[in-house]
Amino acid sequence: MSEVAGNGGPVEEVRVLEARVTELEIKASFAEDLVDHLNAQVAKQQEQIDALVREVMQLRRQVPEGRGDGTGGLRDELPPHY
């Protein structure tokens, strides 16, 4: 039994396995980079959501009391048109 490459012997099997491991390492590296990128995006979006929630709460505080019941509105504030 010869260990010469190309005849399907143990040396060739080791080379094939090394190539497969290298390919898996490359894929794992890309996957790790993608996870890092997505994590940064999620963190950025959470900051945007938090800022929007604060803004909505601030706008709700600016609305005068008694205006949220649906009575009145812009028609009461605008002058009549003739």
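Confidence in this predicted model, expressed as pLDDT (the predictor's confidence in each residue, from 0 to 100), averages 85 over the protein chain, with 71% of residues reaching 70 or more. Residues 1–5 fall below 50, and this stretch has 5 contacts (heavy atoms within 4.5 Å) beyond near neighbours in sequence. Where pLDDT is low, the predicted coordinates should not be read in detail. Local features need pLDDT of at least 70 and side-chain atom pairs 80 or more, while totals for chains, interfaces and linings use all residues. Residues are numbered from 1 along each chain as its sequence is written, and side-chain values use heavy atoms, without hydrogens or water.

The chain has 2 helices and 0 strands, taken as DSSP runs (H or I, at least four residues; E, at least two) numbered from the N terminus. Of its 82 residues, 1% count as buried, meaning under 20% relative accessible area, with exposed over 50% and partly exposed in between (1.4 Å probe, protein chains only). Val53, in helix H1 (residues 10–62), is partly exposed because its relative accessibility is 41%.
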